[in-house]
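Look over the sequence and the model, then read on.

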Amino acid sequence: MEKYILVTGGAGYIGSHTVVSLVENGYTPILLDDFRNANRIVVDGLTQILGQQPIIVEVDVCDEKGLKEVFERFNFVGVIHFAAYKAVGESVGEPLKYYQNNLMGLINVLSNMVAFNVKNLVFSSSCTVYGEPKGIKEVTEETPKNFPSSPYGFTKWIGEQIIEDTFKAYPSLNLMNLRYFNPVGAHKSTAIGEFPIGKPNNLMPYITQTAIGKLEKLTVFGNDYPTVDGTCIRDYIHVVDLAFAHVKALSFLEKNEGCFETINIGTGKGSSVLEIINAFESETGQKLNWAFGLRREGDVTEIFANATKAKNVLGWESKLTIKDAVIDAWNWEKKLAEQNEK
Ligand code: UD1
């Protein structure tokens with residue numbers, strides 16, 4: 001029997017890699033996306049990797065009638081809910097767009113799960129819920145949450161609360177928040193990767209777009225942080241490893257009736273911005289045009305995961321390295337450039 005998994009935002013960066021990982025592990029993902037924030041080329045890439053086109057439903061996750069019809073059509077074993085806006089800066093200028101889409105989407109998903117008795121949910125949360133960690137920068141799931149610095153961050157913060165409250169009211173559900181650290185890299189095949197819309201906000205696509213010549217120069221935001229080299233520290237996790245964590249999460253939920261868990265998904269190791277730049281230059285042989293600039297508002301100084309719970313509970317740990325990530329991200333950028341030349 002097919003094990004249908006609804007993957008909202010399945011054409012997005014993490015969603016598309018998760019679709020691959022699900023198929024590789026015997027699930028049948030139903031990719032839900034309205035492509036407003038995703039590139040349709042993803043479908044070709046997925047078809048290339050999987051040998052056939054995944055099942056796609058073009059529905060807005062906030063569309064009550066549309067989503068209900070999807071739940072009527074498939075007998076889902078579980079849901080992985082990615083569909084959400086994620087640009088931190090944009091969320092400051094357009095908070096209502098973020099609260100509306102990210103929270104209504106989640107509420108619509110949960111309502112249908114309750115109505116159709118679909119038990120297992122994995123929710124895309126973020127290390128942003130820790131805000132600027134006080135004291136130790138290696139955060140465990142018990143580290144107190146802090147208010148995030150953006151409406152985007154709050155949608156994850158409130159999203160986790162909505163899930164917890166839903167669990168209290170419906171304890172037969174199995175719900176899991178995965179708190180991602182910084183996803184980077186691309187699928188080895190270069191068939192799928194990240195498609196930043198407009199100018200990228202995140203470090204890795206900014207690096208690769210600068211190296212390829214799409215952008216002129218990378219600005220390193222701040223060199224006076226109290227860290228090893230004065231630049232911020234993050235936990236960069238390869239998107240293929242991150243995708244597999246969702247498969248492990250689902251199989252855990254399937255085996256554990258009535259559970260609510262929150263789990264960090266990171267490597268457990270922090271890297272500075274300069275370390276990422278150096279890794280990029282040394283692994284790819286590309287010289288990067290970069291300069292120090294002012295601090296970016298809202299950036300936390302340092303945060304990285306304690307990833308012990310992921311290992312103990314899910315049996316998951318990251319396998320790929322920063323070296324893999326910079327090489328894969330660079331090969332993906334070169335592939336995009338070739339496609340654009342055609
Ligand atoms: C942010 C969010 C995170 C979200 C992610 C997804 C916060 C605190 N973090 O992560 O929750 O999931 O975006 O979009 O809200 N940098 C530069 N120059 C650049 C770009 C980045 O120096 O041009 C530096 C930043 O200062 C930071 C690091 O690179 O130290 C990573 O930045 P970025 O990739 O934007 O991710 P976060 O801000 O960590």
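## Ground rules

A polar contact is a pair of N or O atoms within 3.5 Å; within protein, one must be able to donate a hydrogen and the other to accept it, and residues adjacent in sequence count only if both atoms are side-chain atoms. This is a predicted model: local features need pLDDT of at least 70, side-chain atom pairs count only at pLDDT 80 or more, and totals for chains, interfaces and linings use all residues. Residues are numbered from 1 along each chain as its sequence is written, and side-chain values use heavy atoms, with hydrogens and water left out.

## A buried histidine

Start with H81. Its place is strand β4, residues 76–81. Strands (E, at least two residues) and helices (H or I, at least four) are DSSP runs, numbered from the N terminus. H81 has 1% relative accessibility, so H81 counts as buried. Buried means under 20% relative accessible area, exposed means over 50%, and partly exposed lies in between (1.4 Å probe, protein chains only).

The side chain of H81 makes a polar contact with the side chain of T8, at 2.7 Å. Contact in general means heavy atoms within 4.5 Å. Leaving out residues up to four places away in sequence, H81 touches T8, V61, G105, L106, V109, L121, V122, F123 and S124.

## The nonpolar cores

A nonpolar core is a set of buried Ala, Val, Leu, Ile, Met, Phe, Trp, Tyr and Cys residues joined through side-chain atoms within 4.5 Å. The largest one here has 48 residues. Which members touch the most others? They are L22, M176, L178, F181, I265 and L314. Several elements each supply at least two residues of this core, including β1 (4–8), α1 (13–24), β7 (174–180), β12 (260–265) and α11 (322–341). Helix α8 gives the most, with 8 residues.

Take L22 as an example. Not counting residues up to four places away in sequence, L22 touches I5, V7, Y27, P29, I80, V247 and L250. There is also a second, separate core of 27 residues. Among its members are I30, V59, F76 and L103.

## Around the ligand

How many residues surround the ligand? There are 20, and the closest are S126, L203, T219, R234 and D299. By class, the shell has 10 nonpolar, 6 polar and 4 charged residues. Here Ala, Val, Leu, Ile, Met, Phe, Trp, Tyr, Cys and Pro count as nonpolar, Asp, Glu, Lys and Arg as charged, and the others, Gly among them, as polar.

A backbone N or O atom of K86 lies 3.4 Å from a ligand oxygen. A side-chain N or O atom of N182 is 2.9 Å from a ligand oxygen. A polar side-chain atom of R296 also lies 2.9 Å from an oxygen atom of the ligand. Taken alone, the ligand exposes 750 Å², and the protein buries 91% of that. These areas come from the Shrake-Rupley method with a 1.4 Å probe; for residues, only the protein chains shown count as cover. Two elements give two or more residues to the shell: α7 (203–212) and β9 (218–221). Strand β9 gives the most, with 4 residues.

N112 sits in helix α5, residues 95–116. N112 counts as buried because its relative accessibility is 5%. Beyond its neighbours within four places in sequence, N112 is in contact with L67, K68, F71 and N117.

I158 belongs to helix α6, residues 151–169. Its relative accessibility is 27%, so I158 counts as partly exposed. Leaving out residues up to four places away in sequence, I158 touches Y99 and L103. I158 and L178 are 20 residues apart in sequence and 14 Å apart in space, C-alpha to C-alpha.

## Loop residues

Most residues other than glycine have a negative phi. F35 has a positive phi, near 60°. F35 lies in the loop between β2 (28–32) and α2, and is buried at a relative accessible area of 10%. T190 also has a positive phi near 60°. T190 is in the loop between β8 (182–184) and α7, and is buried at 16% relative accessible area.

Is F147 buried or exposed? At 61% relative accessibility, F147 counts as exposed. F147 is found in the loop between β6 (138–139) and α6. Not counting residues up to four places away in sequence, F147 touches G131, F154 and W157.

Technical notes. Near = heavy atom within 4 Å.
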